[in-house]
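Please keep the sequence and the structure in view while reading.

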Amino acid sequence: MTRSTAQHRAQSAAAASPDPVAAAAAAATVDLGVEVCGIRFPNPVWTAAGPPVRDGAALLACAEGGAGGLVTKTISRTAAEPTTPNMAEISHGFLNAELWSELPPERWIEREYAITREAGLPVVVSMGYTAEDIAELAPRVRPFADALELSTHYIGEDAGPMIAAIKAAKAAVDVPVFVKLSPLGREMARAAEQAQAAGADAIVAINSFGPCLAIDIESALPQIGGPDGYGWLSGPALKPLAVRCVHDVASAVDIPVIGCGGVSRGTDAVEHLMAGAVAVQVCTAAILRGPGVFGRIATEMASWLAKHGYASPAEVTGLAVRRVVSRPEAPPMLDLSLCNGCGLCEMSCGPDAIHVVEGKAVLDEERCELCGLCVSRCRPGALLWAAPA
Ligand SMILES: Cc1cc2nc3c(=O)[nH]c(=O)nc-3n(C[C@H](O)[C@H](O)[C@H](O)COP(=O)(O)O)c2cc1C
């Protein structure tokens, strides 16, 4: 049995805000629980395959840190042997060339999955890559898995191997099969449609993006080792690409979509949900900030939902999907009660339409070219677009 939603709600509310009244309000109004493919998760902030879930003990720490679901590190038929160095924090992001689990599958099956199950949370076993790999591994992990997640990271842009892997998984097990897509040149919506047609029960979007290159200018060496120094991008810099992919996939298929990429705050998770995700996975933020980040993101999400009058994550899922609206052709609105006179809007305004006068922004509507940069940069939220009719 998973830990109760009510308990999580209470914990979330307690940690949501230093203001106990606001925290209590969040607890009273938001139920973070989500159901995906018939599996009940106490909250929609899950682990993603990567170092924070490298073994059973690490997965228990993620559960302790507030994760609502446990996706395990990808296994394949052999243990990975990555080159080093294989991880680097870069500005606004992260590069890795880490491959899959460095533990052999036997170790996971004999020990790590059983430890993971002690958390009492749903367990999604990640595995790769070919149909042969899946046909061999899937039945062996089935006793520990509430669902499988198939990584498509190393199988190229031809959909054939992905389709074969999905069919192998569906033939081998009776639990839902999630398919994790990489942001390759292959069109995401088409890939998701092909995955659904092959029997996938849910899509996870996305894996890290690359190849990318970062140079250590002191040594003039690539920050990542290996023959070419390439790494794959994750973290905040990945989020707009991930959100676009989630949106494209959610618009194309009618199976659940799980967002992954650049989630480090509750508002990032809300953005993924609005793009069509029913839950999110988090990797880089947990590498950089530790396993407590899952609970913090869930708590922030609960606070945001409560503040905006939503009772559950499901109420915001897909709000931005298939939403064709004509934007108002009027300058942004200015709420002077929120303006702190910081001047970021003035600095951002090419046509000189906004100035700070005596500590408050003043907007010259005639000069405004509606570019929107000031709205996106206004930290206190004093500049905002009027809602479309
Ligand atoms: C160091 C590292 C190792 C990763 N290992 C795996 C893996 O074994 N299997 C997988 O499907 N994705 C793997 N990923 C990708 C993440 O699960 C995730 O899709 C990606 O990093 C985007 O999410 P994030 O921005 O929250 O990190 C890895 C990512 C990183 C940074």
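**Basis of the report**

The model is predicted: local features need pLDDT of at least 70, side-chain atom pairs count only at pLDDT 80 or more, and totals for chains, interfaces and linings use all residues. Residue numbers start from 1 along each chain as its sequence is written.

**Overall build**

The protein is divided into domain 1 (5–315) and domain 2 (333–384), with bounds that come from an automatic or database domain assignment. The centres of domain 1 and domain 2, taken over C-alpha atoms, are separated by 38 Å.

Along the principal axes, the C-alpha atoms fill a box of roughly 70 × 50 × 40 Å.

Of the 389 residues, 48% count as buried. A residue is buried if 20 or more other C-beta atoms lie within 10 Å of its own, exposed if 12 or fewer, and partly exposed in between, with C-beta atoms placed from the backbone. Among contacts with a separation of 6 or more, 67% are between residues 24 or more positions apart; a contact requires C-beta atoms, placed from the backbone, within 7 Å.

**The ligand shell**

There are 28 residues around the ligand, and Ala48, Ala49, Ser234, Cys283 and Thr284 come nearest. Strand E6 (93–96) and helix H10 (284–289) are the elements that give two or more residues to this shell. By class, the shell has twelve nonpolar, 13 polar and three charged residues. Here Ala, Val, Leu, Ile, Met, Phe, Trp, Tyr, Cys and Pro count as nonpolar, Asp, Glu, Lys and Arg as charged, and the others, Gly among them, as polar.

**Strand E9**

In strand E9 (residues 177–181), five of five residues are buried. In a regular strand the side chains alternate between the two faces of the sheet. Val177, Val179 and Leu181 lie on one side of E9, Phe178 and Lys180 on the other, and all are buried. Strand E8 (residues 147–151) pairs with E9 in the parallel sense over four bridges, where pairing requires that DSSP finds at least two bridges. Within this pair, Phe178 of E9 is the bridge partner of Glu149.

**Backbone details**

Most residues other than glycine have a negative phi, and most peptide bonds are trans.

| Cis peptide bond | Omega |
|---|---|
| Gly128 to Tyr129 | about 5 degrees |
| Gly210 to Pro211 | near 5 degrees |

Tyr129 is placed in the loop between strand E7 (123–127) and helix H5 (131–141), whereas Pro211 is in strand E11 (residues 209–212).

Positive phi values are the next topic. Cys37 has a phi near 55 degrees and lies in the loop between strand E1 (34–36) and strand E2 (39–41). Cys37 is partly exposed because 17 other C-beta atoms lie within 10 Å. For Asp352, phi is about 65 degrees, and the residue is found in the loop between helix H12 (344–348) and strand E18 (354–357). With 10 other C-beta atoms within 10 Å, Asp352 is exposed.

Note on methods:
Contact = placed C-beta atoms within 7 Å. Near = placed C-beta within 6 Å.
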